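I opened the model to look up its fold, its cores and a few loop residues. My notes follow.

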Amino acid sequence: MPEHRHSEEIPPDAMSAPERVESGIPVEDEKFEDEVLPPVLDLFQPLPDIVGSQAEGDPLTTRALVVGVILGSLVNASNIYLGLKTGFLFGASMFGAIFGYGIVKLLTKMFPNVPIMGQPFGPKENSIIQATAAGAGGLGGLFTAGLPAMYQLNLLSEDPSHDFSKMVTLTLICSFFGLCFAIPLRKFFIVNMARELRLVFPTPTATALTIQSMHAASSEGAQAIRRIKALTFTFLGAFIQRVVSYYAIGILYDWHIFTWFFIWGNYNNAAIFVENWGWSIEWTPAFIGSGMLVGMNTAVSMFCGTLFAWGILGPILVHYGVCIGIAMAPESERWHNVVSFSQMTGVDQPGYVPSPRYWFLWPGVAVLVCCSLAELLVHWRSFYYGIKYAWKNSSWDFMRKKGGRSRTYLSSQSSRRRPSMFNENVFTHEDPAKEKDQVPTWVWGGGTIAMVVVACIISEVQFNVNAGLALLASIFAIFFAFLGIHGAGVTDIAPLTASANAAQLVFGGITSNQGLAVPQQQTVNLVAGSIASGAAEMSQELTSDFRTGYLLKTPPKKQFYAQALGAVAAMFIAPGVFILFTSAYPCIIHPDEYANCAFSAPSVTAWRAVAQAVTEDSLDIPPSSGIFACVLGAIAIIQVVLKHMYLKGEREKYRDYLPNWMAVGVAFVIPQTVYSTATLMGAVVSYAWWKRRRMSYETYCYAVAAGLIAGEGLGGVIGAALQLGGVGGDVYGTQAGCPLDSC
């Protein structure tokens, strides 16, 4: 946060309008849309209470839990759709907070005298709604990466519905292990280390501020109503556009402009060359909305990575014969020059000449792994002090409880204040939550141990994976959770997929000399990696959610129970949605049997390729790809070290100009250019909006982005249902404007 500057330090005419308002200087000829900026807040402390508000009762209400589960389930379905299609996932907190507010407010007006429906509604109960939604909306990564990769490698049943029980137990392990371990992480990252590590947690903080503003008595709900309207309209617009576009996909969703030039130019080959590399425009509301949230640096980095891979280096590799494409219609008179450079078929065959997609996979994975591991090593103190703090915290709590008894030594020790981790003369921060509102140690500690035991049993019984490897996966989950929370706290991006790929390499090395058959090695690789990644994902999501509750003074124990209920719902909803999509689109789990698939599943491809690379001797990494991967990985590591060791203090401002290598790595792994283009479009719109209409941006941007993301995600679920019902766009729609008459 910028420091408050007094008016005498800066001439009034040099101040912006909001600064003049904060300084008490009259503002003439300035339009503020009947709003002024709030006073500067300390975002590392709980938000001040709303003026004139009544004290809330128990926020853990039936209506909050029911509404939260429903909204989180929608996000869960949306995430599986978007994750299988693009590899990206989105949180449920903002969606749950805004939609939850609108639904409960509507209930209180419609049923004012009904005990459950009409009781007063405050920000703490609103945070319980979004906490429940966060629990129900998690674990999308499990069903968009490791699990479908197992089906692609024929490691599970032919029909995913036969593996429903296995899916449920995997989600049980990941969700509740992540949930229980999130409690000590809340104490470490949210209460004690947020200020020292500058962990702002952008989206959770924005969620808390949005909830606070919606319930502010001074605005009488006017701003909240505007946000709800904006979210509702964009949600409905994105939902309708996605569903309708299935029936005219080449007109309403995908604009293959170079195919149009190809047709209009009497099938001139120059235009189709660009089309072959995937350069088109896709009006995907979800990624336009995502671009509005991630910022210009991430969006530009991702687009530049896409441009370099699929617009510059890729064509060079094909020109010199390093990579090849596959003709999609060699017998067609008009479309014989249409070539796909994104195929992965035959990679395990001797003499395979790689496609550009396979060639770029390894540099992409190297960048993701090296960048995340470098961040991990640079912040080694976070891990060291986290373990040290957890040990001291447990020891001092034990002594404090024993201190009131007959043991004189423990009694004297329990009265001492706890030393800080960084400075023995500075004490840890006081947790605003009272002791009665804290989650008991036996609950989260016992739950963590129980989930590790269950993970070992389930791995042995259902997947024939050694219990020791499941234990190791649980340890990896803890380290990955630290990494993910730190990344999300600073940048809003958690590099968990890259961390999981690193875990795959470790497990591949462990199983290589155990004499296991290749399918069993791959099963170990993917199951252990899924446990490590899934538990870390859940822990990161829920720890970030605790940030929202911390700012709103929501009792952590109530929030924990809400998250737990949401996680129970996710255990059954996520497998059901996954089975729905794989039934409607079997190409998700059998990609080699289909020339085209509506779901590119880039994360699945990465997991599958890594699992094959570390278990099959016949699978080789192209030497040029390996060298390039090493070079880019080294550059990513050097930048991380440079950023944290040199660009500090006055030079910290230059960090904004460094490329985001996580985004670059993702661009290499995803063979479609449309997602980076759409993300950049959203980021440009958001930046221009922020520059020109600051107040309007602060009011509407998050709501608009959340509506766009949720609308397309739910539209994708409806599209799958239409496909299963035999009334989808491939039956009753048109493919006009698409290459090969098929999008």
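**Overall fold**

I counted 28 helices and four strands in the protein chain. Both are DSSP runs numbered from the N terminus: helices are H or I with at least four residues, strands are E with at least two. This is a predicted model, where local features need pLDDT of at least 70, side-chain atom pairs count only at pLDDT 80 or more, and totals for chains, interfaces and linings use all residues. Residues are numbered from 1 along each chain as its sequence is written, and side-chain values use heavy atoms, with hydrogens and water left out.

I looked up burial next. Of the 743 residues in the protein chain, 55% are buried. Buried means under 20% relative accessible area, exposed over 50%, and partly exposed in between (1.4 Å probe, protein chains only). The accessible surface is about 31900 Å², and carbon and sulfur atoms own 62% of that. Those areas come from the Shrake-Rupley method with a 1.4 Å probe; for residues, only the protein chains shown count as cover.

I then checked contacts (heavy atoms within 4.5 Å). Among those between residues at least 6 apart in sequence, 79% join residues at least 24 apart.

**Cores**

I searched for nonpolar cores, meaning sets of buried Ala, Val, Leu, Ile, Met, Phe, Trp, Tyr and Cys residues joined through side-chain atoms within 4.5 Å. The largest has 127 residues, and Phe143, Leu147 and Phe581 are among those with the most contacts inside it. Helix α27 (residues 694–724) gives this core its largest share, 12 residues. A second, separate core has 33 residues, including Trp310 and Val610.

Not counting residues up to four places away in sequence, leucine 147 touches Leu142, Leu156, Met167, Leu170, Ser530 and Phe578.

**Helices**

Is α8 mostly covered or mostly open? It is mostly covered, with 10 of its 13 residues buried. Pro204, Gln212 and Met214 are among the buried ones. Helix α8 (residues 202–214) reaches 18 Å from first C-alpha to last, close to the 18 Å expected at 1.5 Å a residue. The expected span is 1.5 Å times one less than the number of residues.

I still found a kink of about 30° in α22, centred on alanine 570. The bend at a residue is the angle between axes fitted to the seven residues ending there and the seven starting there.

In α27 I looked at threonine 699. Threonine 699 is buried, at 2% relative accessible area. A polar atom of its side chain lies 3.0 Å from the backbone oxygen of methionine 695.

**Loops**

Proline 671 sits in the loop between α25 (661–669) and α26 (674–692). Because its relative accessibility is 8%, proline 671 counts as buried. Beyond its neighbours within four places in sequence, proline 671 contacts Trp310, Ser342 and Arg357.

Most residues other than glycine have a negative phi. Asparagine 154, in the loop between α5 (146–152) and α6 (164–192), has a positive phi near 60°. At 57% relative accessibility, asparagine 154 counts as exposed. Lysine 553 also has a positive phi, about 65°. Lysine 553 lies in the loop between α21 (518–552) and α22, and is partly exposed at 36%.

Definitions and conventions. Polar contact = N/O pair within 3.5 Å; in protein donor to acceptor, adjacent residues only side chain to side chain.
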